[in-house]
Amino acid sequence: RPPLAAPWAPPPQAAEMSAAAQRHSWRRIEIALANEEHRHGLAEMALLLDRGLPPDTAPFGLTPLLLAAAIGHLPATQFLYVRGASPHVLGGQP
């Protein structure tokens with residue numbers, strides 16, 4: 001039986017989402033960040049990242065990390081950073 005992975009460790013890499021799928025998933029990111037119960041929002045973001053959403057996606061010029069920081073959602077900001085989102089990406093451009 002393989003050892004259990006730490007809950008904060010990134011899962012194995014999934015195939016990256018297409019641009020259309022990233023735009024479609026953006027609404028789910030917004031809803032996850034607006035969720036009052038942070039654990040449910042983080043679970044939704046984890047699901048999207050596990051399905052191949054790049055952590056620095058910015059289909060509308062704003063990354064999820066920047067949005068989470070702008071609205072003061074510290075748990076989501078930390079979660080996205082640990083999952084690979086770069087604080088040096090602005091609008092999807094390094």
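Q: Why is Thr 63 called buried?

A: A residue is buried when its relative accessible area is under 20%, exposed when that area is over 50%, and partly exposed in between (1.4 Å probe, protein chains only). Thr 63 has 1% relative accessibility, and therefore counts as buried. This is a predicted model, in which local features need pLDDT of at least 70 and side-chain atom pairs count only at pLDDT 80 or more, while totals for chains, interfaces and linings use all residues. Residues are numbered from 1 along each chain as its sequence is written, and side-chain values use heavy atoms, with hydrogens and water left out.

Q: Where does Thr 63 lie, and what does its side chain reach?

A: Thr 63 belongs to the loop between helix 2 and helix 3. Its side chain comes to 3.1 Å from the backbone nitrogen of Leu 66. A polar contact is a pair of N or O atoms within 3.5 Å; within protein, one must be able to donate a hydrogen and the other to accept it, and residues adjacent in sequence count only if both atoms are side-chain atoms.

Q: How do you know what counts as a helix in this chain, and how many helices are there?

A: Helices (H or I, at least four residues) and strands (E, at least two) are DSSP runs, numbered from the N terminus. The protein chain has 4 helices and 0 strands, and its pattern along the sequence is α-α-α-α.

Q: Why does the length of helix 1 agree with what its residues should span?

A: The expected span of a helix is 1.5 Å times one less than its number of residues. Helix 1 (residues 19-34) has 16 residues and should therefore span 22 Å; its end C-alpha atoms are 23 Å apart, which agrees.

Q: What is the kink in helix 1, and where is it centred?

A: The bend at a residue is the angle between axes fitted to the seven residues ending there and the seven starting there. In helix 1 the kink is about 30° and is centred on Ser 25.

Q: What makes Ser 25 buried or exposed?

A: The relative accessible area of Ser 25 is 5%, so this residue is buried. Contact means heavy atoms within 4.5 Å. Apart from residues up to four places away in sequence, Ser 25 touches Met 17, Leu 48 and Leu 53.

Q: Which residues of helix 1 are buried, and what covers them?

A: Gln 22, Ser 25, Trp 26, Ile 29, Ala 32 and Leu 33 are the buried residues of helix 1. Their cover includes helix 2 (38-50), helix 3 (64-70) and helix 4 (74-82). An α-helix has 3.6 residues a turn, so residues three or four places apart point the same way.

Q: Why is Gln 22 called buried, and what joins its side chain to that of Thr 57?

A: Gln 22 has a relative accessible area of 13%, and is therefore buried. A polar contact of 2.5 Å joins the side chains of Gln 22 and Thr 57. The C-alpha atoms of these residues, 35 residues apart along the chain, are separated by 7.1 Å.

Q: What makes Thr 57 buried, and which residues is it in contact with?

A: Thr 57 is found in the loop between helix 2 and helix 3. Its relative accessibility is 3%, so it counts as buried. Setting aside neighbours within four places in sequence, Thr 57 is in contact with Gln 22, Trp 26, Leu 62, Thr 63 and Pro 64.

Q: What makes a set of residues a nonpolar core, and how many residues has the largest one here?

A: A nonpolar core is a set of buried Ala, Val, Leu, Ile, Met, Phe, Trp, Tyr and Cys residues joined through side-chain atoms within 4.5 Å. The largest has 18 residues, and those with the most contacts inside it are Ile 29, Leu 33, Met 45, Ala 76, Phe 79 and Leu 80. Helix 1, helix 2, helix 3 and helix 4 each give two or more residues to this core, and helix 2 gives the most, with 5 residues. In soluble globular proteins, nonpolar side chains tend to be buried together.

Q: Which residues is Ala 76 in contact with?

A: Leaving out neighbours within four places in sequence, Ala 76 is in contact with Leu 33, Leu 42, Met 45 and Ala 68.

Q: Why is Ala 46 called buried, and which residues does it touch?

A: Ala 46, in helix 2, has a relative accessible area of 15%, and is therefore buried. Not counting residues up to four places away in sequence, Ala 46 touches Phe 79 and Arg 83.
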